[in-house]
Amino acid sequence: MKRLKKAAAICLAGFTALSTVGVTGVYAEEANYDVDNMEFENVELRVAFRFTRDSEIDGQAKWYYEMVDQFNQENEGRIHVTDESISTESDYLEKLTTDFASGDVPNAFVEYGGSRVKEYVEAGYLLDLTSYLEKYPDWKDGVQEFAWATTEFDGVEGTYGIPWSAYQLCLYYNKDLLEAAGAQEPESWDDLVDACGKLKEAGIQPFNYSDKDNYHYEHLIGVLALKAYGPEIAEELASDAESYNGEKMVAIYQKMKDMIDAGYWGDAILSTDVATERSMFEAGQAAFFIDGTWNCGTFQNGSDRTLFDAEKIGVTRVPYIDEAYKTVEMGGGSDTYYITTLNQSEEEIAATVKFIKYLTTVNAINQMCEYSPTTYAEKVTIDTGNYLLNDVNVIMAENTDSRLNLPNYDTNSSATDTIRNSLQALATGASAQEVGDNIVDKMSAYE
Amino acid sequence: MPKNSSVHRVKNKIDKKDITVTILFLIPAILICAVFIIYPVIDTFVLSFKKWNGMFGAVKQWIGMENYYKILTDKMFWNAMLNSVYFMVGGFIILMPLAFGLALLVTSKIKGISLFRTCYFLPCMLGTTAVALMWTFILNPNFGVFHVIENWLGIDLPIPDVLAVKTLNIWIVILVNNWMYAGYNMLIFAAGLVAIPETLNEAAALDGASGWQRIRYITLPLMKNSFKVFSILCITGCLKVFDIIWAMTRGGPNDVSSTPSIMLYTQGFSYKFFGRSSAYGVILLVLGVTLSIVTNHILREDKDLVM
């Protein structure tokens, strides 16, 4: 009996010791962040981005699918990427929401950061890439400092994504139309109002402003608030030190309202989408167009390139309200790749990191920039010859500070939709104060 | 007695066999109903008393009636309900007479009736999104039909953005919806019309009844079932209308053209209030069932259609 006990004790001790070795071995394997030198075997990845295969006009999509095909070829038998892209934003977000509710999430997806993904981070469903970035310092250094904002979250340590696109709101203008009306490139908001008056007198429509897509007003309100009160306004609104129906914000809505009432924005704000607004600007039917820097590439690849080819499009900063904040802008990192951990194996996670790294090195983004010349989060080193992009790069290099969309800083995850919906009321006759009150009322309903 | 007992045994055996076969045949249908209808309804009902942000594994916190309280005290819900009521009013005042008139037309003996029937049904075959986009483009002040007409006439008057004006926009959507579904509902009424024996109309004509009198005293009373089908489809359809509004206005601007179904969707997928979204679902279900029962009661067989 004594012998039996002794044998059992030895066996158990051996088993325990071996287990520890096993665990240590697994741990050592888990702690390996060198994804480029890992062995993979038949790993299937599902990635959900917002590209459209076979798109003739979207250079980024063309580049992306070539990269996916190339990656699958290079990793045959080891990793295979299946694309689950949906180009329409609302459908894409709906699928993502359903995926996270059911637990059947893609291995990687694209989003814009901030409050839009904070819940996923807080739930622990997104991968902290800090250790991988430390393993590959060139990968980390390839991303411009300002762009990391989409991957960092208050109260949560770590880097939860890889940004690949960057943007800033700009004012595009038609040089010929401004000249015909005797107007100058505006620097301040008052200059812009003055130019709009001159254009209107000359029978030229200043803007065909659009908010059918429901984000344009929110973008403009954001940049004007930054240019009136400085970058701190973003944090003040998020912490309730300032309110969306307070005096400061109502004054911004009023500026928009004045433009609507004067007819400078056009007659069909809520029936016009951004693509139509851009087309009308390209066709010379409006003198101004406020939108992101991605339009540098869109103008170059667009169907009506007359103005672009003749170098008749000018680009400048969105006009300031207080000169002290002339170089404070709304922008930063935009499209960001996030890697999910929910119900994913260690091997799948490592393979996903390898794929995302493949897409986001400076060399890869240089290629993407050739396909679609615009601003990127990575430190692009090539000159595409796009004159608008060159001007934009000069503008961005002089920025003193920047912030993302204001609702991104809010803890209320409904902030973006609530603010966007409420701002549409400006075009339906609501007063600036009513719009502010409506935002606050709605947000309190979704606390 | 032995004979009776044997018959009884055989009968019992057949009965048992019948029951087994019946159950076997019913099992697939019951299973499908249970998995795809009964379980989701029960789950939605339970979820409507909880708070859940739609995150896998996240705790679904019991909050009692709070979701219902928030919905019923939210003026956006009542605005959405009002829009559904507008849809019902439009359904009964515009769509029903229109569809009935078309049905009278396509069941009458005029030449080329097949062509007319196809034309009236065509909008329904196009699909909601196609119809919605087509009308959105037609009504667009920048490049729509009115803009083209203005250019053609050489005038430059401001064209109102009708899809951006509160109340007007919902009525525009209602008219488009009625235009689209007139052909579909025409079929419901046409089916009722062709079921009326021709001899009744002929006898009434011999008795000197006018065309209107024949419709009032023969056609309408005998078509009560068609009207019942239309009414129930109209009420439940208007209550849960989503697609055409979503495609034309997305419930905007500022939620003014929203309906309870759109609210259900946005609460869940935009704001991640899945409990509240479920409560919207329960409210819609209860309203739909209640209104269907009331309609059935009003249009029951022993009651005459009042004209």
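Domain bounds in these legends come from an automatic or database domain assignment. The structure shown is a predicted model.

**Figure 1. The two domains of chain B.** Under this assignment, chain B is divided into domain 1, residues 2–47, and domain 2, residues 67–298. Taken over C-alpha atoms, the centres of domain 1 of chain B and domain 2 of chain B are separated by 40 Å.

**Figure 2. Chain A as a whole.** Chain A contains 19 helices and 10 strands. Along the principal axes, the C-alpha atoms of chain A fill a box of roughly 105 × 45 × 35 Å. Chain A has 447 residues, of which 47% count as buried. Among contacts in chain A with a separation of 6 or more, 77% are accounted for by residues 24 or more positions apart.

**Figure 3. The contact between the two domains of chain A.** The domain assignment of chain A gives domain 1 as 38–165 + 334–380 and domain 2 as 167–331 + 394–445. The C-alpha centres of domain 1 of chain A and domain 2 of chain A lie 29 Å apart. Their contact draws 16 residues from domain 1 of chain A and 18 residues from domain 2 of chain A. On the side of domain 1 of chain A that touches domain 2 of chain A, the largest share, four residues, is contributed by helix α4 (residues 115–122) of chain A. By class, this side of domain 1 of chain A comprises four nonpolar, nine polar and three charged residues.

**Figure 4. The interface between chain B and chain A.** Contacts between the chains involve 26 residues of chain B and 28 residues of chain A. The side of chain B that touches chain A is made up, by class, of 12 nonpolar, eight polar and six charged residues.

**Figure 5. Nonpolar cores.** The largest nonpolar core holds 117 residues, and the members that touch the most others are Ala225(A), Leu426(A) and Met186(B). Helix α7 (residues 168–194) of chain B supplies the largest share of this core, 10 residues. Apart from its neighbours within four places in sequence, Met186(B) is in contact with Ala99(B), Leu102(B), Ala103(B), Val106(B) and Tyr120(B). A second, separate core of 57 residues includes Phe109(A), Phe146(A), Tyr338(A) and Ala377(A).

**Figure 6. Packing of helices α3 and α12 in chain B.** Two packed helices are described by the angle between their axes and the distance between the axes. Here, the axes of helix α3 (residues 75–106) of chain B and helix α12 (residues 260–269) of chain B come within 8 Å and cross at roughly 140°. The helices α3(B) and α12(B) are therefore oblique to each other. From α3(B), the contact involves Met76(B), Phe77(B), Ala80(B), Met81(B) and Ser84(B), and from α12(B), Pro260(B), Ile262(B) and Met263(B). By class, the contact of α3(B) with α12(B) has seven nonpolar residues, one polar residue and no charged residues.

Figure 7. Ala204(B) is found in helix α8 (residues 198–206) of chain B. Ala204(B) counts as partly exposed because 17 other C-beta atoms lie within 10 Å, whereas a buried residue would have 20 or more and an exposed one 12 or fewer. Not counting residues up to four places away in sequence, Ala204(B) touches Ala209(B), Arg214(B) and Ile218(B). Tyr217(B) is 13 residues from Ala204(B) along the chain, and the C-alpha atoms of Ala204(B) and Tyr217(B) are separated by 9.4 Å.

Methods: Residues are numbered from 1 along each chain as its sequence is written. Chains are lettered from A and ligands numbered from 1 in the order in which they are written. This is a predicted model: local features need pLDDT of at least 70, side-chain atom pairs count only at pLDDT 80 or more; totals for chains, interfaces and linings use all residues. Two residues are in contact if their C-beta atoms, placed from the backbone, lie within 7 Å. Helices (H or I, at least four residues) and strands (E, at least two) are DSSP runs, numbered from the N terminus. Ala, Val, Leu, Ile, Met, Phe, Trp, Tyr, Cys and Pro count as nonpolar, Asp, Glu, Lys and Arg as charged, and the others, Gly among them, as polar. A nonpolar core is a set of buried Ala, Val, Leu, Ile, Met, Phe, Trp, Tyr and Cys residues joined through C-beta atoms within 7 Å. Axes are lines fitted to C-alpha atoms, for helices over the stretch in contact, and angles run from 0 to 180 degrees between N-to-C directions. Angles under 35 degrees count as roughly parallel, over 145 as roughly antiparallel, 65 to 115 as roughly perpendicular and the rest as oblique.
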